[in-house]
Amino acid sequence: MMDALGLAVQLVLSGDPDLLEIVLLSLRVSLTATVLACLIGLPLGALVAVGRFTGRNAVLVLMNALMGLPPVVVGLLVYLHLSRSGPLGFLGLLYTPTAMIIAQTILIAPIVAALSRQVIEDLHAEYAEQFRSLCLTKLQTVQALLWDARYSLLTVGLAGFGRAVAEVGAVIIVGGNIDHLTRVMTTAIALETSKGDLGLALALGIILLVIALGVNAAVQSVRMTAVRQAYV
């Protein structure tokens, strides 16, 4: 155990090329998926928050339910669509980083939408009378709320990134865990542990923990900034 831990620390400190390749791919896939999920989820959450329409309660139930989507189910659905016999098979995206980004985006977009909906709905309740007095359109209201809630929504985005970077089930199905192509931190940890190569697995685990701690620290910092802004 101590030998494996020592090797892990050595790999991290020496900047092992294979280790860096896996980490950089993980960050590229997860950050891209997070940006896409925010582009989809934030406007959707805001529109549901300010809108009053028939079936809204059903939409809220669906949004909350989709937050708990099983990753392997998402991976399976994306696989079926991107496989050669699937409707999007002609794109040749299966077992590529793009397929992993699609799976992660589908997985975290509902989380971003549901959390942002709650944040913006609470803010809208506070400013609803003022918005009505200014005769703002729905679009103007959404734009104003998104800007005013930017710190809280950044926290939502960070939460989505934390969920994406720790994902293993969906990405291993659509990515295939191919060396030098689709191997990310979580899938590499699972593979190296099964092979008994605990040094590389522990090195990746250390980096993943550092990223998780960094995301949590960023979330806390954003919350403190939002609180300070509220009292200015």
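This note walks through the predicted model shown above, point by point.

1. **How to read it.** Residues are numbered from 1 along each chain as its sequence is written, and because the model is predicted, local features need pLDDT of at least 70, side-chain atom pairs count only at pLDDT 80 or more, and totals for chains, interfaces and linings use all residues. Side-chain values use heavy atoms, with hydrogens and water left out.

2. **The overall build.** The chain has 10 helices and 0 strands. Here helices (H or I, at least four residues) and strands (E, at least two) are DSSP runs, numbered from the N terminus. Along the sequence the pattern reads α-α-α-α-α-α-α-α-α-α. The C-alpha trace spans about 65 × 50 × 25 Å along its principal axes.

3. Of the 232 residues in the chain, 42% are buried. Buried means under 20% relative accessible area, exposed means over 50%, and partly exposed lies in between, using a 1.4 Å probe and protein chains only. Contact means heavy atoms within 4.5 Å. Among contacts with a separation of 6 or more, 74% join residues 24 or more positions apart.

4. **The largest nonpolar core.** What is a nonpolar core? The term stands for a set of buried Ala, Val, Leu, Ile, Met, Phe, Trp, Tyr and Cys residues joined through side-chain atoms within 4.5 Å. The largest one has 19 residues, and those with the most contacts inside it are Leu19, Val165, Met185, Leu204, Ile207, Ile211 and Val215. At least two residues of this core come from each of α1 (2–14), α2, α7, α9 (185–195) and α10 (198–230). α10 gives the largest share, 9 residues. As background, nonpolar side chains in soluble globular proteins tend to be buried together.

5. Which residues does Leu204 touch, leaving aside its neighbours within four places in sequence? Its contacts are Leu19, Ile22, Val23, Met185, Ala188 and Ile189.

6. **Helix α9.** Met185, Thr186, Thr187, Ala188 and Glu192 are buried in this helix. Just after α9, Gly196 takes a positive phi of about 85 degrees.

7. **One cavity.** A cavity is a set of points on a 1 Å grid over the protein atoms alone where a 1.4 Å probe fits but cannot get out, and its lining residues have an atom within 4 Å of a point. Grid points are joined across faces, edges and corners, and a volume is the space filled by probe spheres set on the points. By this rule there is 1 cavity of 30 Å³ or more. The largest cavity has a volume of about 50 Å³. Its lining is formed by Ser26, Val29, Ser30, Gln104, Ala164, Val165, Glu167, Val184 and Thr186. α2 (17–50) and α7 (150–165) each supply at least two of the lining residues, and α2 gives the most, with 3 residues. The lining divides into 4 nonpolar, 4 polar and 1 charged.

8. **Helix α5.** This helix (residues 97–133) has a kink of about 60 degrees centred on Tyr127. The bend at a residue is the angle between axes fitted to the seven residues ending there and the seven starting there. Ser116 also sits in α5. Is Ser116 buried or exposed? Ser116 counts as buried because its relative accessibility is 0%. Not counting residues up to four places away in sequence, Ser116 touches Gly41, Leu42, Gly45, Leu153 and Val156.

9. **Positive phi values.** Most residues other than glycine have a negative phi. Tyr95, in the loop between α4 (71–82) and α5, has a positive phi near 65 degrees. Asn177, in the loop between α8 (169–175) and α9, has a positive phi of about 55 degrees. Tyr95 is partly exposed because its relative accessible area is 34%, while Asn177 is buried because its relative accessible area is 10%. Just after α5, Cys135 takes a positive phi of about 55 degrees.

10. **Gln143 and Pro43.** Gln143 belongs to helix α6 (residues 138–148). With 48% relative accessibility, Gln143 counts as partly exposed. Gln143 and Pro43 are 100 residues apart along the chain, and their C-alpha atoms are separated by 8.9 Å.

Technical notes: On a 1 Å grid over the protein atoms alone, a cavity is a set of points where a 1.4 Å probe fits but cannot get out, and a pocket is an open set with protein on both sides within 12 Å along at least five of seven lines; lining residues have an atom within 4 Å of a point. Ala, Val, Leu, Ile, Met, Phe, Trp, Tyr, Cys and Pro count as nonpolar, Asp, Glu, Lys and Arg as charged, and the others, Gly among them, as polar.
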